[in-house]
Structures are given as structure tokens and as C-alpha cells.
Amino acid sequence: MSTINEKLGRLIVKMRKERNQTQEDFAWSINTDRRYMSDVELGKRNVSLDFADKVAQGFGISLYELFVLLEKEP
């Protein structure tokens, strides 16, 4: 069973790739270090609600919508 951090990481990768964004480009767009973004995508970071909100805004969705999508992630 996946942890919530792993699920979030997979969801970010999926959404980022659907938008044809590199990890570096997405990290830059939300004012985050690419190495930190890499750790998040690998499920190695415990992210804050503030960071999750930044990710949601980076994808043009609400934090609520991000959580709904996260709930559907295997």
C-alpha cells in the first residue's frame, strides 16, 4: 500500500506530464527548488498544506480539487 506522500508524488508526475512540463519547469513555475520537487515526486518529502496549495495553483486547480484527485490515485 502506498503512502500519501507516494500517491501525491505520482499524481504530480502524472499531471505535470499531461501538461508536457519538465520537473524543472514546474518547480520553477511554483517557485520551488527542482531537487525538492524531485523528492516530493518520489514520495520522500512530507509536504505542508501550503506547499500542496502551491502545487494545486501551479496546475490551475483548487486545493480541494487536488485532494479529490489524490483520493482517486491508486
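Select Asn5 to start; in this predicted model Asn5 sits in helix H1. Its relative accessibility is 16%, so Asn5 counts as buried, the cut-off for that class being under 20%. Show what surrounds the residue: leaving out residues up to four places away in sequence, Asn5 touches Val40, Gly43, Arg45, Asn46 and Val47. Keep Val40 and Arg45 of that set in view, as the tour returns to each.

**The H1–H3 contact**

Next, select helices H1 and H3. They pack at an angle of about 115°, and their axes lie 7 Å apart. On the H1 side, colour Asn5, Gly9, Arg10, Ile12, Val13 and Arg16; on the H3 side, colour Met37, Val40 and Glu41. By class, the residues of this contact divide into 4 nonpolar, 2 polar and 3 charged.

**Ile12 and the core**

From the H1 side of that contact, pick Ile12. Beyond its neighbours within four places in sequence, Ile12 is in contact with Phe26, Met37, Val40, Glu41, Val55 and Phe59. Ile12 also belongs to the largest nonpolar core, which has 17 residues. Which members touch the most other members of this core? They are Ile12, Phe26, Met37, Val55, Phe59 and Leu66. To see where the core comes from, display the helices that each give two or more residues to it: H1 (4-18), H2 (23-29), H3 (34-41), H4 (49-58) and H5 (63-72). As a general point, nonpolar side chains tend to be buried together in soluble globular proteins.

**Salt bridges**

Now turn to the charged side chains. How many salt bridges does the structure hold? There are 3.

Begin with Glu41 and Arg16, whose side chains meet in a salt bridge at 2.8 Å, N to O. Glu41 belongs to helix H3 and Arg16 to helix H1, so this pair ties together parts that are 25 residues apart in sequence. Are these two residues buried or exposed? Glu41 has a relative accessible area of 10% and is therefore buried. Arg16 is buried as well, with a relative accessible area of 7%. Both residues are also part of the H1–H3 contact, and Glu41 is one of the residues in contact with Ile12.

Move to Arg35 and Asp33, which form a salt bridge at 3.1 Å, N to O. Here Arg35 is exposed, with a relative accessible area of 57%, while Asp33 counts as partly exposed at 36% relative accessibility.

Then select Asp39 and Arg45, where the N to O distance of the salt bridge is 3.3 Å. Asp39 is partly exposed, with a relative accessible area of 22%. Arg45 counts as partly exposed too, at 35% relative accessibility.

**Ser29**

For the last stop, select Ser29 in helix H2. At 41% relative accessibility, Ser29 is partly exposed. Draw a distance from its side chain to the backbone oxygen of Phe26: the side chain of Ser29 reaches that atom at 2.7 Å. Finally, draw a line between the C-alpha atoms of Ser29 and Arg16; they are separated by 11 Å, and the two residues are 13 residues apart along the chain. Arg16 is the residue already shown in the salt bridge with Glu41.

How values were computed:
Residues are numbered from 1 along each chain as its sequence is written. This is a predicted model: local features need pLDDT of at least 70, side-chain atom pairs count only at pLDDT 80 or more; totals for chains, interfaces and linings use all residues. Side-chain values use heavy atoms; hydrogens and water are left out. A nonpolar core is a set of buried Ala, Val, Leu, Ile, Met, Phe, Trp, Tyr and Cys residues joined through side-chain atoms within 4.5 Å. Buried means under 20% relative accessible area, exposed over 50%, partly exposed in between (1.4 Å probe, protein chains only). Helices (H or I, at least four residues) and strands (E, at least two) are DSSP runs, numbered from the N terminus. Contact means heavy atoms within 4.5 Å. Axes are lines fitted to C-alpha atoms, for helices over the stretch in contact, and angles run from 0 to 180 degrees between N-to-C directions. Ala, Val, Leu, Ile, Met, Phe, Trp, Tyr, Cys and Pro count as nonpolar, Asp, Glu, Lys and Arg as charged, and the others, Gly among them, as polar. A polar contact is a pair of N or O atoms within 3.5 Å; within protein, one must be able to donate a hydrogen and the other to accept it, and residues adjacent in sequence count only if both atoms are side-chain atoms. A salt bridge is a side-chain nitrogen of Lys or Arg within 4 Å of a carboxyl oxygen of Asp or Glu.
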